[in-house]
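Colleague: Could you walk me through how to read the main features of this model? Please take them one at a time.

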Amino acid sequence: MSTNSIDSLLHETRRFPPTPEFAANAVAGAELYESAKADPVGFWADQARELLHWHKPFTSVLDWSDAPFAKWFADGELNVTYNCLDRHVLAGNGERIAIHWEGEPGDSRSISYAELTEQVKRAANVMAGLGIGQGDRVAVYMPVIPEAVVAMLAIARLGAVHSVVFGGFSSESLRSRIDDASAKLVVTADGGWRKGKVFPLKAAVDGALANGTSTVKNVLVVRRGENEVQWTEGRDLWWHDELAAADAEHEAQAFEAENPLFILYTSGTTGKPKGILHSSGGYLTQVASTHKNVFDLHPETDVYWCTADVGWITGHSYVVYGPLANGATQLMYEGTPDTPHSGRWWELIEKYKVSIFYTAPTAIRSFMKLGRQIPQSFDLSSLRLLGSVGEPINPEAWIWYRDAIGGGSTPIVDTWWQTETGAIMISALPGITALKPGSAQVPIPGIKIDILGEDGTRVDPPNGGLLVVSEPWPAMLRGIWGDPDRYRETYWSRFSGPDSEGKETWKYFAGDGAHVDSDGDIVLLGRVDDVMNISGHRLSTQEIESALVSHPMVAEAAVVGAADEATGQAVVAFVILRADQEAAQTVEEASTLLRAHVAQQIGAIARPRQVFVVAELPKTRSGKIMRRLLQDVAEGRELGDTTTLTDASVMTIISDRLK
């Protein structure tokens with residue numbers, strides 16, 4: 001396929017500049033780009049001084065002498081939790097609501113900054129009394145409840161290191177993470193609400209610790225589900241009892257900026273999860289800066305809602321640390337978007353007058369399938385900014401999001417970043433940038449992104465290649481826990497080395513493909529292993545999925561490359577039809593129409609060999625489509641591990657139908 005045909009698909013012609021009113025009141029101005037371009041390291045130093053309180057001011061900004069291990073603000077000292085809580089109370093904002101929390105059954109709490117600060121101080125005293133101090137690791141295995149945030153901030157307050165494990169993971173997954181980090185304490189809950197039922201959590205912790213060889217000394221248990229739990233005397237402690245007995249005062253101690261803040265495990269190509277390590281000062285600087293500027297935050301008036309679970313990096317950076325460092329008021333919701341009804345999210349936006357809403361394309365596409373009539377029955381006029389995170393968003397979903405949720409005028413920031421990057425790396429700034437559907441667009445100020453060919457040379461627009469970060473950034477991972485060699489090999493080996501002048505250069509390879517369009521804007525194409533080679537032509541699954549979803553009958557699509565004797569790989573597509581289209585034609589008719597549609601949109605080379613109409617797609621609990629499992633089915637193999645799926649039966653149904 002020619003470059004021109006790729007560009008014609010990805011070169012989006014629609015533009016949505018900010019309204020004069022939005023631009024006039026925007027937090028971020030063009031001077032951010034100018035100052036960052038002139039002096040990137042100095043720019044981040046200014047952000048660190050402006051946005052954070054330093055107990056001991058730094059004099060060293062970036063130390064890259066031990067590349068690829070970076071140190072930012074290394075001689076400075078701060079307390080992350082003090083920055084998220086105490087300083088707002090001391091500044092007179094203690095009565096401001098920090099968290100509006102809504103439980104799935106409808107119970108709710110609104111917690112002020114003063115109240116949240118007191119709870120965190122009590123929790124810090126409890127943990128200190130259990131022997132937790134600087135550098136100790138604590139596992140957190142919780143539902144989306146305020147106590148999860150309290151636990152994370154209490155751990156950070158002590159200079160300890162949290163390892164949050166998503167509450168949907170199995171006891172075996174939890175065990176491996178506890179063991180890898182040598183955690184001394186686990187904070188969990190008896191259970192949490194999901195789809196109208198309480199799912200147990202304490203039982204999984206018991207299973208993870210069952211062999212008796214764990215480093216864990218105590219388990220703190222929050223009472224949430226009121227379900228029965230087994231109890232190990234001397235080890236297990238009720239959260240509410242311990243906090244009630246704890247002192248309400250706790251002075252935050254300053255720690256060096258490079259003090260480890262958290263470990264977060266993410267999937268690895270070898271199958272063993274990688275413990276991504278983040279430190280304090282640089283991470284907090286970048287999440288605070290991006291949260292403020294990308295989301296145009298006005299903390300006095302905005303109500304912000306990021307729908308991510310705290311068990312993922314988005315929950316760390318844009319539910320806990322970014323919003324609270326900036327003194328924001330935010331909404332947290334425990335349950336699923338379709339419980340007790342399909343308009344639950346829109347009901348909450350109306351109830352709390354949410355003004356900034358940040359969610360995943362997977363959720364957006366699922367709402368598209370249900371139709372506009374559901375959001376249209378709620379008052380969403382409080383929304384003034386929308387965000388997208390987690391995977392590339394196709395232009396059709398972007399437009400639907402803007403029109404059906406944003407009332408046809410609300411800006412959308414499409415953000416690219418990773419667990420490893422810690423914070424947003426590519427995104428429009430909504431008061432400056434003319435927005436382009438389906439494109440993350442430009443690196444944020446202070447970030448240097450390049451698109452390289454296989455040989456490591458920079459590609460010129462319009463063209464595609466591999467995305468790299470060419471200069472260190474404050475929120476970058478500081479390594480893989482306990483495995484520095486794996487860190488170097490995984491992220492820095494492909495494009496690093498001496499340049500033409502013999503100078504050693506380091507480039508972080510993100511593992512993602514990207515396309516630079518004629519305007520120089522970046523369109524993310526997904527993971528490199530989601531790029532197929534069809535008769536020598538490189539095709540992105542994202543390109544074909546976008547073409548499929550652009551057809552009015554399709555709500556959602558997933559594409560994989562299946563082995564093919566003739567072409568090396570062949571395109572196999574799995575699609576969910578929109579609700580009003582399911583009875584409009586037979587499965588065979590739909591397949592024929594969609595194969596022709598893809599050929600018309602991209603070219604005959606991209607025509608799917610097969611299009612399967614399915615009721616659901618296999619998704620992890622973080623909302624990502626498990627294309628690996630679809631590829632197993634497409635190539636006739638036995639299914640691989642399905643334990644991370646929200647609903648493992650989905651793959652059985654798909655497999656049986658295809659057979």
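This is a predicted model: local features need pLDDT of at least 70, side-chain atom pairs count only at pLDDT 80 or more; totals for chains, interfaces and linings use all residues.

Colleague: Start with the core. Which residues of the largest nonpolar core touch the most other members?

Modeller: A nonpolar core is a set of buried nonpolar residues joined through side-chain atoms within 4.5 Å. The largest one here has 136 residues, and Y321 and L467 touch the most other members. Helix α8, residues 146–157, gives the most to this core, with nine residues.

Colleague: What is Y321 in contact with, leaving aside its neighbours within four places in sequence?

Modeller: With V80, C84, M152, L153, A156, H162, L261, Y283, L284, V287 and H316. Apart from this core lies another, of 32 residues, among them L331, W345, Y352 and Y401.

Colleague: Next, the helices. At what angle do α8 and α13 pack?

Modeller: The angle between α8 and α13 (residues 313–325) is about 60 degrees, and their axes are 11 Å apart. The crossing of α8 past α13 is right-handed. On the α8 side the residues are V149, M152, L153 and A156, which meet H316, V320, Y321 and L324 of α13. Sorted by class, this contact has seven nonpolar residues, one polar and no charged ones.

Colleague: Is α13 largely enclosed or open, and why?

Modeller: Buried means under 20% relative accessible area. By that cut-off 13 of the 13 residues of α13 are buried, so the helix is largely enclosed by the rest of the structure. Just after α13, G327 takes a positive phi of about 70 degrees.

Colleague: Now the sheet. How many strands form it, and in what order?

Modeller: Seven strands form an open sheet with mixed pairing, in the order β5-β4-β17-β16-β18-β19-β20. At the edges stand β5 (108–112) and β20 (412–414); each has a single partner strand, so one side of each is left without a neighbour in the sheet. From one strand to the next the twist averages 15 degrees.

Colleague: How should I read one pair within that sheet?

Modeller: Begin with the general idea: in a regular strand the side chains alternate between the two faces of the sheet. Then look at the direction and the bridges. Strand β4 (residues 97–102) pairs with β17 (residues 329–333) in the parallel sense, over four bridges.

Colleague: Which strand does β30 join, and in what sense do the two run?

Modeller: Strand β30 is joined to β31 (residues 568–577) by 10 bridges, and the two run antiparallel. Opposite A563 stands Q569 in β31. Of the 11 residues of β30 (residues 554–564), 10 are buried, so this strand is largely enclosed by the rest of the structure.

Colleague: Finally, two threonines. Is T433 buried or exposed?

Modeller: T433 is buried, with a relative accessible area of 13%. Its place is in the loop between β20 and β21 (449–452). Leaving aside neighbours within four places in sequence, T433 is in contact with F16, P17, P18, Y33, A428 and Q441.

Colleague: And where is T232 found?

Modeller: In the loop between β11 (218–222) and β12 (236–238). T232 is partly exposed, with a relative accessible area of 35%. As for distance, T232 and A590 are 358 residues apart in sequence and 57 Å apart in space, C-alpha to C-alpha.

Notes: Residues are numbered from 1 along each chain as its sequence is written. Side-chain values use heavy atoms; hydrogens and water are left out. Buried means under 20% relative accessible area, exposed over 50%, partly exposed in between (1.4 Å probe, protein chains only). Contact means heavy atoms within 4.5 Å. Two strands pair if DSSP finds at least two bridges between them. Axes are lines fitted to C-alpha atoms, for helices over the stretch in contact, and angles run from 0 to 180 degrees between N-to-C directions. A crossing is left-handed if the near helix is turned anticlockwise from the far one by less than a right angle, and right-handed if clockwise. Ala, Val, Leu, Ile, Met, Phe, Trp, Tyr, Cys and Pro count as nonpolar, Asp, Glu, Lys and Arg as charged, and the others, Gly among them, as polar.
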